[in-house]
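Please read the numbered points alongside the display.

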Amino acid sequence: MRPQTVWRSIGLLQRPTISRRFIPHRAIQTATSRPVPNFAFAFDIDGVLLRSSKPLPGAADSLALLKEQGIPFILLTNGGGKHETERVAEISEKLGVPLDATDIVQSHSPFAELVKGSEETSALEHKCVLVAGGDGDNCRRVAEQYGFKNVVTPADILMANPAIWPFSNNFSAYYKTFARPLPRPIDFNDPSKTLKIDAIFVFNDPRDWALDTQVIMDLLLSSQGRLGTLSELNGRVELPNHGYQQDGQPHLYFSNPDLWWAAAHPLPRLGQGGFREALEGVWAATTGGPSKGIELKKTVIGKPYHPTYEFAERQMLRNRLNTFGSSAVNLTPLERVYMVGDNPESDIRGANSYRSTFGSNWQSILVRTGVYSGGEPAWIPKTIADNVYKGVQWALKSSNWPAA
Ligand SMILES: [Mg+2]
């Protein structure tokens, strides 16, 4: 099952209430004579606007130009690990452009929709969820800001039960700085009393792959997410998936599929997708894996997957509505979004594959300032630009915008 189908099937994609009327011409003048553009931008961050936290050429000028022209944009990143408010404050300071938390979609932003659930999924607000990845327990605090009330980290589990993964004891000085007491102990004798986890979120790149792998494997093999238990259904060949993940285990969510990303090192570094592949390998070695017809059931969001683009577009439409008002956006609906990215596998593939349910057309612009190093990209963009500013200029010209 494709990730977007999973996300949609669990009822997480709400439709905006914005009504649309399609007007053939490019822009309508508002009462203030300011044209409402029928296009917008989505920018990746790492390798497009910043590289290892330093502004890339043309980044500040691009955002300043769009702000000045009243052209909407959103930052759409597979990064994360901080709350949206904190992240935009940093970017704002680096690029000298005022930004709001609603101007960014990070890899884990769509997880906020799981707090209240939907008609088809139960709310996770008061359930116990495991949050893995990120520095310290930053991601726990992000999850709490989203509204999750009961968040546990692998460090909490390790500090309460050091024997659960003895090879991380060398890092206990680090874990002590943020670990919290477990909401209930792990009781190896009484499964009804032991800590029960209802969902697993890999919010950001795990720092301690080994500990996180062990804790996640324990939960995937448990009965009903009760730590310290082992499901009796595991390996039962007469059951679907040979009994694996058939016993009320917590669902596993990944926020970012990127295998590689552009960091300070001259060569790309392994991303969260690398951790997922490693976990899939351990899962396959334990269960028999795909060669025996056994899969690791999980949901992966982030670029290039549809749910993330749809989430971003809904946020973009809300921002547009707030900026221009309902009559203006009804007269001039959003027809085109330029996705500017450095990674053909995520930014370009995602934009090329995305079929908007709101009627817009996404066009991809690949820049040369990040992961892409030249040659024919695996996913062909609408155009290739030396940097983000040149990409923006190309898009403005292609939309016949007067400032181009
Ligand atoms: Mg990038």
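1. In this predicted model, helix H4 spans residues 138–146, and its buried residues are Cys 139, Arg 140, Val 142, Ala 143 and Tyr 146. These residues lie on the same side of H4, because the arc they cover around the axis is only 160°. In general, an α-helix has 3.6 residues a turn, so residues three or four places apart point the same way.

2. Strand E8 (128–132) and strand E9 (150–152) are among the elements that cover the buried residues of H4. After H4 comes Gly 147, which has a positive phi, near 120°.

3. E8 and E9 also belong to an open sheet of five strands, ordered E9-E8-E10-E11-E14, with parallel pairing. E9 and strand E14 (299–300) are the edge strands; each has a single partner strand, so one side of each lacks a neighbour in the sheet.

4. Within this sheet, strand E10 (residues 199–202) and strand E11 (residues 251–254) run parallel and are joined by four bridges. Opposite Ala 199 stands His 251 in E11. Helix H7 (residues 209–220) lies across E8, E10 and E11, and runs at about 150° to E8.

5. The domain assignment divides the protein chain into domain 1 (28–107 + 303–398) and domain 2 (109–300). Their C-alpha centres are 31 Å apart. Contacts between the two involve 21 residues of domain 1 and 21 residues of domain 2. On the side of domain 1 that touches domain 2, helix H9 (residues 306–324) gives the most, with three residues. By class, that side has five nonpolar, 11 polar and five charged residues.

Definitions and conventions:
Residues numbered from 1 in each chain as written. Predicted model: local features only at pLDDT ≥ 70, side-chain atom pairs only at ≥ 80, totals over all residues. Buried ≥ 20, exposed ≤ 12 C-beta atoms within 10 Å, placed from the backbone. Helix = DSSP H or I, 4+ residues; strand = E, 2+ residues; numbered from the N terminus. Arc of directions from axis to C-beta. Contact = placed C-beta atoms within 7 Å. Pairing = 2+ DSSP bridges. Axes fitted to C-alpha atoms, helices over the stretch in contact; angles between N-to-C directions. Domains from an automatic or database assignment. Nonpolar A, V, L, I, M, F, W, Y, C, P; charged D, E, K, R; others polar.
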